Amino acid sequence: MAQPDSKKIFFENLSGAGKAIAVLTSGGDAQGMNAAVRAVVRMGLYVGAKVYFIHEGYQGMVDGGENIKEASWESVSSMLQVGGTVIGSARCKEFRSHEGRLKAAHNLVQHGITNLCVIGGDGSLTGANLFREEWSGLLGELVEQGSIEADAVQKYSALHIVGMVGSIDNDFCGTDMTIGTDSALHRIIEVVDAIMTTAQSHQRTFVLEVMGRHCGYLALVSALACGADWVLIPEMPPEDGWEDKMCQKLSANRAGMKRLNIIIVAEGAIDHNNKPITTEYIKNLVVKCLGFDTRVTILGHVQRGGTPSAFDRILASRMGVEAVLALLETTANTPACVVSLCGNQSVRLPLMECVQMTQEVQKAMDEKRFEEAVKLRGRSFENNLKTYKLLAHRKLESELPTSNFNVAVLNVGAPAAGMNAAVRSAVRVGISEGHKMFAVSDGFEGFYKGQIKEIKWADVGGWTGQGGSLLGTKRTLPAKHVDKIAEQMRAHNINALLIVGGFEAFLSLLELLTARGKYDEFCVPMVMVPATVSNNVPGSDLSIGADTALNAITTTCDRIKQSASGTKRRVFIIETMGGYCGYLASVGGLAAGADAAYIYEEPFDIRDLQANVEHLTEKMKGSIQRGLVLRNENCNENYTTDFIYQLYSEEGKGVFDSRKNVLGHMQQGGAPSPFDRNFGTKISAKAMQWVTKKLVETFRQDEGRVFANTEDSCCLLGMRRRALVFQPVVQLKDQTDFVHRIPKEQWWLKLRPLMKILAKYKTSYDVSDSGQLEHVVRNRPKESDASVAM
């Protein structure tokens, strides 16, 4: 494909020949660090640079010797799915001294290294920036000592540094998510889900302590994702008298037939006097005031361990490639930067701007300026906190606004994990806004049959962690039964619709929009929240349920690959869902370390298949023992999974054998991932607030009814690059391939070359969309509170 922009064909224009890049992990470890190391090594080698591991972080840089080793392509094989960091990490006091940094500079010069990729927290990155600033002075000292030749000062005149933030706490300003945070949330939610079953059996209260000495992100998001009764975080200490309020809330929940209580505490939780709030204090308080059987669970280092989630693998892989790009484009005057994430886009930010803002948060907390601290954490954190307060704390009847509006919620299309979290959020926000909420069972099929009933606050308790669709969902479209649906709308006086679903939900809105010409009942605000594992809804880069499906694919691929360890060389052909949309195959392939992924959007023929077989054969003759090939279920009607399996089996004879797996509906099942729970909760809350606004705008006082018949009163709320955006569905028609049920343009196709590069294919890489150096913005655009990435 011709790409006239000179910045597009990366391999030809940004060569790393003659450059040496070193990668190190420093400070606390985080799941996903290995994926970042792998991406840096392979991208560095791809562009022709020499790449080095620095083992044991800054300690290894100071000690030198065997700690600095040249990396090869094979040396990062099979590390994508491993937690922690295989090149080691250590906290190094010596590097904090001038003498230590002098030793480190000497060791780097000996290897010709002037490009550093540092994966760590703010302390590690601050140290790297200081090292960079001192670099020329350190080289001068080394020349004076006779440790290096005088010409080395000119040859290695500048040290270039790019940082990636690896921290489970997500405490670094400037990025929506740090490497390791999503995996830590997975560990927490796995424990919370398990504890909930035993707590329910015995009617117990559990107090859980999660990590976060200075940042409450893990506590806050896990509370949001599991519907905890109470959460305590360092950024927002509870007001005086909080103990009584908490006990009243726990007691009220028990009175409402809830058999358990969950309280989540960040390890750095404090009160307004900066006095620590401990789990033991809370336990004793609940026992003394309420007499509830109460237990404490401290999760500790479990949160740091285990396999990285699909999100963290993709994030780390994208950041690793972006880091190499940034190093190749840097000049002596370019400030040290961190590669970061905003929405689902890579960005580059000046390292010290991010560090300074991160330090400002702590300063604000120390000076008891807590509201400012929350704002400094960023819109994502602030929005999480607002959403939690909205959903967890029920207002008294006397405090509720009286809107007299009836809003119906329904699921349409195939089930997707996270749908229930979205429905719970919509119901509770709707009730908080003063509406009467109605639940429709079994989508539009249930709608025309009259399966509509009022749903109350307590009815959706415990829904966040449930997979599938508790309301029931069907693929039935409304057009055939539009008269009966209009009748039910009239009978229940429905003033607005909120639909949670996939491509069928999008088609349904278009049909209801058309029906407005004949039925006034559909002249009401209507909004859709995308929820489908296929991620094929136009107008949104992401759908609820897709992350859970990706994790199912990634975990299964890990197990399948492991099944061949210690046996002869083997290639696995794996079929994924998605209809004609190749999102799961492509992004799942990137997360699982696939060698190829066949999709409908990127046509292929027998020559491509043959080239893939030959490529794998070549790799298998070396030290690589396992291959992974993903195939989207509808990528090609003739090149079926069986055909590809038989082709690989025949052509690989004597080198490798093949196995095939069809993953099927396991991709739709299971408990929703923390990402899908959080995304579903927040996007649905935003949709409900839009409904309220539209109801007020379109209410005709003289007629005493809602009348909305403009295009912008029938919208889809989607994630677009960096923002959550409401888009009239009629405007999305031109962006849609209705025959194949996919958007005409899909952002994730730009990730496919990454998978190919990391699998050792020579390919062109479009860098026109890569991160450009920006500045840290204290208040981003209002919608960019999506806190999502992929």
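Analyst: Happy to! Let's start with the residues that touch: Ser380, Asn383, Asn384, Thr387, Leu390 and Leu391 in helix α14 meet Asn678, Thr681, Lys682, Ala685 and Gln689 in helix α23. Contact here means heavy atoms within 4.5 Å. By kind, the residues of this contact divide into 3 nonpolar, 7 polar and 1 charged. In that count, Ala, Val, Leu, Ile, Met, Phe, Trp, Tyr, Cys and Pro are nonpolar, Asp, Glu, Lys and Arg are charged, and the others, Gly among them, are polar.

A word on the source: this is a predicted model, in which local features need pLDDT of at least 70 and side-chain atom pairs count only at pLDDT 80 or more, while totals for chains, interfaces and linings use all residues. Residues are numbered from 1 along each chain as its sequence is written, and side-chain values use heavy atoms, leaving out hydrogens and water.

Now for the geometry. Two packed helices are described by the angle between their axes and the distance between the axes. Helix α14 covers residues 379–392 and helix α23 residues 674–698; they pack at an angle of about 75°, with their axes 11 Å apart. That makes α14 roughly perpendicular to α23, a label used for angles of 65 to 115 degrees. The axes are lines fitted to C-alpha atoms, for helices over the stretch in contact, and angles run from 0 to 180 degrees between N-to-C directions. The helices themselves are DSSP runs (H or I, at least four residues), numbered from the N terminus.

Methods
Helix = DSSP H or I, 4+ residues; strand = E, 2+ residues; numbered from the N terminus. Parallel < 35°, antiparallel > 145°, perpendicular 65-115°, else oblique.
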